[in-house]
Amino acid sequence: MAFDGIVISNIVYDMNRLLTGGRIYKIYQPETDELLLVIKREKETHRLLLSASASLPLIYFISGNKQNPLTAPNFCMLLRKHISNGRIIEVEQPGMERIVEISIEHLNELGDLCRKKLVIELMGKHSNIIFLDDTGMIIDSIKHISHQVSSVREVLLGRTYVAPPSQDKISLANLSPAWMEQVLLKKATTAQKAIYTSISGISPLFAGELCYRAAIDGSAPTASLCEEEQSSLYGQLIRLKTQIEHHEYMPNIIYQGKSPIEFSSMALTMYPDMDCRPFSSISEVLETFYAEKEAVTRIRQKSTDLRKIVSNAIERTAKKYDLQRKQLEDTNKMDKYKIYGELLHTYGYNVVPGQKELRCINYYDNQEITIPLDADLSAMENAKKYFDRYGKLKRTREALQTLVEETHDQLLHLESISNALEIARDENDLAMIKDELTEYNYIRRRGQNKKKAHSKSKPFHYISSDGFHMYVGKNNFQTDELTFKRAYGKDMWFHAKKMAGSHVIVKLENAAELPDRTYEEAARLAAYYSKGKNAPKVEIDYTERRNLKKPPQAKPGFVIYHTNYSMTIEPDISGITKLS
């Protein structure tokens, strides 16, 4: 997975081709470190996403909209003030670096023509989006970097913009045989590492591809390359340079089975045994490869506090459950104490004062038994002591059986909430989970909620290959509503057996029964949206909705059923069409 200078050069080429001369119609800031520019050009509308996320910095065209905050952040308002309706003049990538510069022309308050520049730095945790005037002075940035944060350069209002350090790398445009001989081949490292540490824009992934194309061992030291191998490697570097200069891009994703593992703007020939799927644009590649990952990454960041609350609660509850089970096991001694008491009543006349044990026949199994005695007590007093112990353990057992069951239910409930956090996709999903945690006192209540946010969240909606609608509840409140309010008697219900997971409902509509293929696809959904997602196989229970019951006072998402079928299936949902 290499979002390197080569991929960025492909994006910059597409941006110049699609955006030059276009006007910035809308500016949004969906996240604190993300911008969405809507640009209109020649009756076409393009949506460009700029993300300076530390974990996933990206720039590409997206096909749909993103949810935006009701109140635009300050940086977004500043951009709207300066460059709304501005015209994009050109897009540049200096020296194949992971930097994109968008030059914009606009009219100021006096009607004079001005030029501004938006600089997008895509460099991991150092990523940023910086707004410059025509003199290179920083007007503002999406992240403010002071000297306390970075001793290399400041990114603050009023400072002159300084590009990130180049790390002593050369651009592909400046390649020469002399540089190859004097620099690249002199590095005391492997051939692959020498390439990506010496030439800007080339990632370790594509350095490995260049070695493969040149038929050399990328893990071999550069000093071990013969003249023929050196010449072959230089030839591949020149070929790459020519491909980029002539915009001969081939956006593709490499799949291992059904899982995407790598992508590039150039052909990746070093994976001959894997499926290489071409795409019409690099943005389509990025949207396919990263869209789900980016959504998951964002929601994981926003759910950190909830995850911590649930994780701590699970840990505490699991410890309590283990302790209660151990205490319950200890009560198994109560029957022994009852027998001791009964035998002392029977054989106590044989006990003399000061005796420390009594050996007698246990008339329950006709085996000899030894009963420990307190020498300071009589036989009847010892019997009473054992009966008292029996009575205490019996009462403890009765209480513990209820407590263990309650704690086990609580643990299952928390695990179901943990699973819901894993599959949450937006803030409405998190709001429902927070409501549930608040309702069950894992989060302290702070006043009254004005409106239940969980009413806005909707279950996942899939359609089977045979045309049946399948719904997946994202959390416990939603599964209750889905199962008991939206599903009817003969609709089919699926759930992972004996583990936390989502309820899956398949609507029968007017059909008499479901085809086998739809059964399997619904079971795959139930397996995928459960705690067994990463297991090779998951056992799934399924039954008609009318066979489900919800016990009184049961926690949300909990049902009981006595009539069901089961199947074991892979938790793989590739090929199942998702509608929402």
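In β12, which residue is the bridge partner of I254? It's C276. Keep in mind that you're looking at a predicted model.

**The sheet around that pair**

Strand β10 covers residues 252-256, and four bridges join β10 to β12, with the two strands running antiparallel. Both belong to an open sheet of three strands, ordered β11-β10-β12, with antiparallel pairing. β11 (259-264) and β12 (275-278) stand at the edges, and each has a single partner strand, so one side of each is left without a neighbour in the sheet. On average, neighbouring strands here are turned by 30 degrees against each other, ignoring direction.

**What about the cysteines?**

A disulfide is a covalent bond between the sulfur atoms of two cysteines. If you search the whole structure for disulfides, you find zero. Here are two of the cysteines and how they sit:

| Cysteine | Relative accessible area | State |
|---|---|---|
| C76 | 0% | buried |
| C114 | 19% | buried |

The cut-off for buried is under 20% relative accessible area, so C114, at 19%, still counts as buried.

**A buried charge**

Now hop over to helix α9, residues 334-347, where you'll find E342. E342 is buried yet has no salt bridge. The side chain of E342 does have a polar contact, though: it pairs with the side chain of Y364 at 2.6 Å.

Conventions. Residues numbered from 1 in each chain as written. Predicted model: local features only at pLDDT ≥ 70, side-chain atom pairs only at ≥ 80, totals over all residues. Heavy atoms only, no water. Pairing = 2+ DSSP bridges. Axes fitted to C-alpha atoms, helices over the stretch in contact; angles between N-to-C directions. Disulfide = S-S within 2.5 Å. Buried < 20%, exposed > 50% of the residue type's maximum accessible area, 1.4 Å probe, protein only. Lys, Arg positive; Asp, Glu negative; His and termini not counted. Salt bridge = Lys/Arg side-chain N within 4 Å of Asp/Glu carboxyl O. Polar contact = N/O pair within 3.5 Å; in protein donor to acceptor, adjacent residues only side chain to side chain.
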